[in-house]
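Take a walk through this structure, one region at a time. Keep the sequence and the 3D view side by side.

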Amino acid sequence: MWDSIVIGAGQGGLAAAYFLTQRGVDHLVLDSNPRAGGAWQHRWDSLSMHDVHGVADLPGEPAPGRSAHRANVAIPTYFADYEQRNGLRVVRPVDVTEVTSEGDLLVVHAGDRQWRTRTLVNATGTWTRPNWPRYPGVDDFRGGQFHTATYPGLDQLRGRRILVVGAGASAVQFIGELAPVADLVWVTRRPPRWRTEEFGPQTGLQIVTEVEKRVVAGLSPTSVAGATGLMLREQEQEALRLGAYDDPRPMFERLVADGAQWADGTVETADVILWATGFRSAVDHLEPLSLRGPRGGIPLERVPGNVQAATTAVRDPRVHLIGYGPSASTIGASRAARRAALEVAQQVAEQAS
């Protein structure tokens, strides 16, 4: 039996393990991946450290800086070294299927294995829950279909005609990479929202506060990154010059064998559909605990004065969520991890007294 189990060894999970160790909480980290690196180990090879939108420092150790190194190597190496230097106990691969309640304890299930714990820190993120829209004709399309989570990289798509679907940062990044070497059509369900004002601390606080309001109210969280608006970086300027971001087409009505068809009968042929349509929170294994409220989300307790520290589930305070709602960013995850560790330490001490 453990004082706490952490599910997930990405940014939030490792930060939580660090702070739990500092507070003397007996804990274990369970990770579904075969090796250290969280979701970063699954990113495409052409994504360099120069291209990533930013990786926050893990507690006590600076993150890798911008460079030409592959992100799917540099960040997993950083995570692996961090685990070793801090003596973090991580068991992998462990695919947690469900978490149930047994009296005062929580039981974490993974096939034939079980762990009993007084508290739980869930840091499973979103990478394993890609949002694949189901449009009419999706099974009729004869070309390739990829999601951000399965993006094969620049070399495999060179020279192809590609429909990029989505109005977020991933779509903008893919267009920047592919427009100079492929024929692109950008398709969005809603007009892209470009950021024109300077993005400062006050703007970031306003965005995170709005996301926090949703989860405190029990609504499904919106994306922190998606709420910041879109901007073009140096590496997207060539695509801008080519007109790749001009006048994206509205969403098609259906897919056909050789492309997509709009309501007016217009057809755009395509070899590939690239769904840059985001992710959902990977929390299905928590369903047996009935954490969701009537509005569809998992309500979290608000922490006055710190909008990125709402982690405690209202319906079961033994459960803390990192990377859900306002903490769904690398810097937010580390801040939330500190708060979750504090709450866990207090709960364990109360149970022991």
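Which residue in β12 does R254 stand opposite? R254 faces Q261. Keep in mind that this is a predicted model.

Strand β12 spans residues 259-261, and three antiparallel bridges join β12 to β11.

Now turn to the aromatic rings. A pair of aromatic rings is described by the distance of the centres and the angle of the planes. The count here comes to 14 aromatic pairs. Start with Y135 and W275. Their ring centres are 6.1 Å apart and their planes meet at 15°. Planes under 30 degrees apart count as stacked, so this pair is stacked. The two residues come from distant parts of the chain, 140 residues apart. Y135 sits in the loop between β6 (113-122) and β7 (144-147). W275 lies in strand β14, residues 272-275. W275 is buried, with a relative accessible area of 0%.

Compare W194 and Y245. This pair is edge-to-face, with 6.0 Å from centre to centre and 85° between the planes. It also links distant parts of the chain, 51 residues apart. W194 is in the loop between β9 (183-188) and α5 (201-216). Y245 is in the loop between α6 (237-241) and β10 (249-250). Y245 is buried, because its value is 5%.

Go back to Y135 and W275 for a moment. Together with F252 and W262, they form one aromatic cluster. The charged end of R249 sits over the ring of W262, 3.9 Å from its centre.

W40 leads on to the largest nonpolar core, a set of 58 residues. W40, I162, V164, I175, L178, L184 and I322 touch the most other members. Several elements give two or more residues to this core, among them α1 (11-22), α2 (71-85), β8 (161-165) and α4 (169-178). Which element gives the largest share? That is α7, with eight residues. Pick out L184 next. Beyond its neighbours within four places in sequence, L184 is in contact with I162, V164, I175, L178 and A179. A second, separate core holds 25 residues, including I5, V96, V215 and L289.

One last stop is V29, in strand β2, residues 27-30. V29 counts as buried, because its relative accessibility is 0%. What is V29 in contact with, leaving aside its neighbours within four places in sequence? The partners are V6, G8, A9, A17, R89, V90 and V91. D51 is another matter. D51 is 22 residues from V29 along the chain, and their C-alpha atoms are separated by 30 Å.

Definitions and conventions
Residues numbered from 1 in each chain as written. Predicted model: local features only at pLDDT ≥ 70, side-chain atom pairs only at ≥ 80, totals over all residues. Heavy atoms only, no water. Pairing = 2+ DSSP bridges. Helix = DSSP H or I, 4+ residues; strand = E, 2+ residues; numbered from the N terminus. Phe/Tyr/Trp six-rings, centres within 6.5 Å; stacked < 30°, edge-to-face > 60°. Buried < 20%, exposed > 50% of the residue type's maximum accessible area, 1.4 Å probe, protein only. Lys NZ or Arg CZ within 6 Å of the ring centre and 35° of its normal. Contact = heavy atoms within 4.5 Å. Core = buried A, V, L, I, M, F, W, Y, C linked by side-chain atoms within 4.5 Å.
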